[in-house]
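Trainee: I have a structure to go through. Can we take it question by question?

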Amino acid sequence: MKFATRAIHAAQPSDPATGALVAPIYQTSTFEQHSPGVNLGFDYARTNNPTRQRLEQVLAELEGVSHCAVFASGLAAEHAVLQAFLRSGDHVVVPADVYGGTYRLLHRVFGGLALSITPVDTTNLAAVAAAITAGTRLVWLESPTNPRLLVSDIRAIADLAHAQGALVVVDNTFATPVFQQPFTLGADLVVHSVTKYLAGHSDLIQGAVLAHDAAVFEPVKFLQNAIGAVPAPLDCWLTLRGLKTLELRVQRHAENAGRIAAALAGHPAVRRVYYPGLADHPGHAVATRQMTGFGGMLSFELDGTVADVTAFITSRRFFILGESLGGVKSLICHPARMTHASIPAGQRTAAGLSDTLVRLSPGIEHAQDLIDDLLEGLPDVGTGRRLANHHAGAVSSEAGSRC
Ligand SMILES: Cc1ncc(COP(=O)(O)O)c(C=O)c1O
C-alpha cells in the first residue's frame with residue numbers, strides 16, 4: 001500500500017458498532033469492567049483510550065514500524081525517550097544546533113544526571129565518529145535541523161553509533177514520514193512534534209515516539225502511563241483527521257518552500273538562504289539521497305541588523321509572527337529570540353545560528369502571494385528604515401520567548 005493510501009485506510013476500518021466511516025472520539029476517562037481486571041481491553045484513559053490507540057496505529061503504519069506512543073507534546077515525547085534510556089553519567093551526542101527545547105531538556109531537566117553531552121556538527125561524519133565512544137548511550141539526530149535545515153547522513157551515523165552500542169534517535173518533525181523514513185536508514189527511535197506537519201493545522205500540541213523493536217519501545221510505553229503526559233481524545237482525533245491530508249499538504253508546503261527559496265536566493269538584502277533543495281545547500285546531496293522531498297521549511301539571513309529583522313518579521317501580511325511551524329497558515333519567526341532563545345548566545349553563534357536568521361514555515365497558500373509578501377519587505381532592509389526598539393544590537397541569551 002502506498003503512503004497516501006495508508007494514510008486513509010491503514011488501521012482505519014469503519015466503526016464495527018455503527019458502521020461510521022470515521023472513528024468516534026471516545027471522550028471518557030474510565031471504562032466499565034465486568035469484574036475487577038476483566039474488561040474490553042481498556043480500563044483508564046491515561047493507560048489507553050481507543051481514539052489514542054487508533055492514532056498510534058496509524059502513525060506506526062506511516063513510519064513503517066509496529067510501535068508508537070503518543071504524548072501531550074513533542075517535548076513530553078522526547079522526555080520519555082531521555083528518561084527511558086539515560087542514567088547518571090551517560091554520554092549523549094547531539095547536533096550542535098539541536099532544537100532549543102531538546103537542549104533545555106538535556107541540560108536543565110536532566111542536569112542532575114551529570115550527563116556528558118557532546119554537541120557536534122552532525123553533518124560532519126568525521127566529527128561524529130570522533131564524538132561517539134564505547135560509553136555513548138544515545139546519538140540524537142535532527143535532520144533537517146531546526147532552523148538551518150542542515151542534513152545529516154542518518155545511515156552512516158547509525159552505523160557508527162551501532163558499532164559502539166549506542167541507540168540512534170531521529171527527530172523526524174521537519175521531514176515527516178512522507179519525505180523521510182528514518183527506520184529504513186537505521187534509526188532505533190523516531191520522535192515527532194506532532195504539533196507541526198502531522199497534525200498540520202496549528203490547533204493542537206502533541207508528540208509521538210516510534211520504535212521498531214519491542215524491547216526498545218517497552219520502557220517508553222511504560223513511561224507514557226507512569227508519567228501520564230498523554231494527549232486528550234479530541235486532539236488524537238484531530239491528528240487522525242490531519243494525517244489523511246498529510247501527503248497533499250507537505251507536497252504543497254515543499255513546493256512553496258522551494259519557490260520561496262529560489263526567489264530569496266541572490267536578493268541583495270539576503271545574505272544566505274538555507275533550503276536543502278537548493279543545489280548550493282551543503283546537505284543537498286545527502287538530502288537527495290535519503291529524502292523523497294526537501295521539506296517545507298527554510299530560513300535565511302537578512303543582510304541587516306536585528307532591528308531590520310524585527311521590522312521585517314512584524315510587518316508581513318501572510319507570514320504571521322509566531323512560534324511553531326508546519327501548519328496550513330504561513331508562520332515567520334526569529335530563532336535567536338524565539339525558538340532557540342534557550343541556547344546561550346555564545347553557543348548559538350558557535351553553532352552558526354546568526355542573530356539575523358529568519359525562519360519561514362510557508363503554509364499552503366498560493367506561492368506567489370507568499371513570495372510577494374516577502375519581497376515587499378526586503379527593500380526596506382539596510383536602507384535606514386528602523387523600527388525603534390531596544391534589540392538593535394546582538395541578541396542576548398536572556399532575550400525572547402521561552403517555549
Ligand atoms: C524539531 C522539533 N522537535 C521537537 C519540538 C517540540 O515539540 P512540541 O512543541 O510539540 O513540544 C519542536 C517544537 O518546535 C521542534 O521544532
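Trainee: How many helices and strands does the protein have?
Mentor: This is a predicted model, where local features need pLDDT of at least 70, side-chain atom pairs count only at pLDDT 80 or more, and totals for chains, interfaces and linings use all residues. Residues are numbered from 1 along each chain as its sequence is written. Helices (H or I, at least four residues) and strands (E, at least two) are DSSP runs, numbered from the N terminus. The protein has 12 strands and 14 helices.

Trainee: What radius of gyration does the protein have?
Mentor: The radius is taken over C-alpha atoms, and the globule rule is 2.2 Å times the number of residues to the power 0.38. For 403 residues, a compact globule would come out near 22 Å. The value for the protein agrees with that: 21 Å.

Trainee: What percentage of the residues is buried?
Mentor: A residue is buried if 20 or more other C-beta atoms lie within 10 Å of its own, exposed if 12 or fewer, and partly exposed in between; C-beta atoms are placed from the backbone. Of the 403 residues in the protein, the buried ones make up 51%.

Trainee: At what angle do α10 and α14 cross?
Mentor: Axes are lines fitted to C-alpha atoms, for helices over the stretch in contact, and angles run from 0 to 180 degrees between N-to-C directions. Helix α10 covers residues 246-264 and helix α14 covers residues 367-377; their axes come within 10 Å. The contact has eight nonpolar, one polar and two charged residues. The crossing angle is roughly 35°.

Trainee: Which hand does the crossing of α3 and α8 have?
Mentor: The axes of α3 (residues 74-85) and α8 (residues 214-227) come within 9 Å and cross at roughly 115°. A crossing is left-handed if the near helix is turned anticlockwise from the far one by less than a right angle, and right-handed if clockwise. For α3 and α8 the crossing is right-handed.

Trainee: Why is α12 described as largely enclosed, and which residues are buried?
Mentor: Helix α12 spans residues 306-313, and six of its eight residues are buried, so the rest of the structure largely encloses it. Those buried residues pack against β9, β10, β11, β12 and α14. Contact here means C-beta atoms, placed from the backbone, within 7 Å. The buried residues are V306, D308, V309, T310, F312 and I313.

Trainee: How far apart in space are G296 and A254?
Mentor: G296 sits in the loop between α11 and β9. G296 is buried, with 29 other C-beta atoms within 10 Å. Its contacts beyond four places in sequence include A254, Y197 and P362. G296 and A254 are 42 residues apart in sequence, yet C-alpha to C-alpha the distance is 4.0 Å.

Trainee: How many other C-beta atoms lie within 10 Å of A187?
Mentor: A187 is in the loop between α7 and β6. Leaving out residues up to four places away in sequence, A187 touches I154, A158, V168, V170 and P182. A187 is buried, and the count is 28.

Key: Ala, Val, Leu, Ile, Met, Phe, Trp, Tyr, Cys and Pro count as nonpolar, Asp, Glu, Lys and Arg as charged, and the others, Gly among them, as polar. Two residues are in contact if their C-beta atoms, placed from the backbone, lie within 7 Å.
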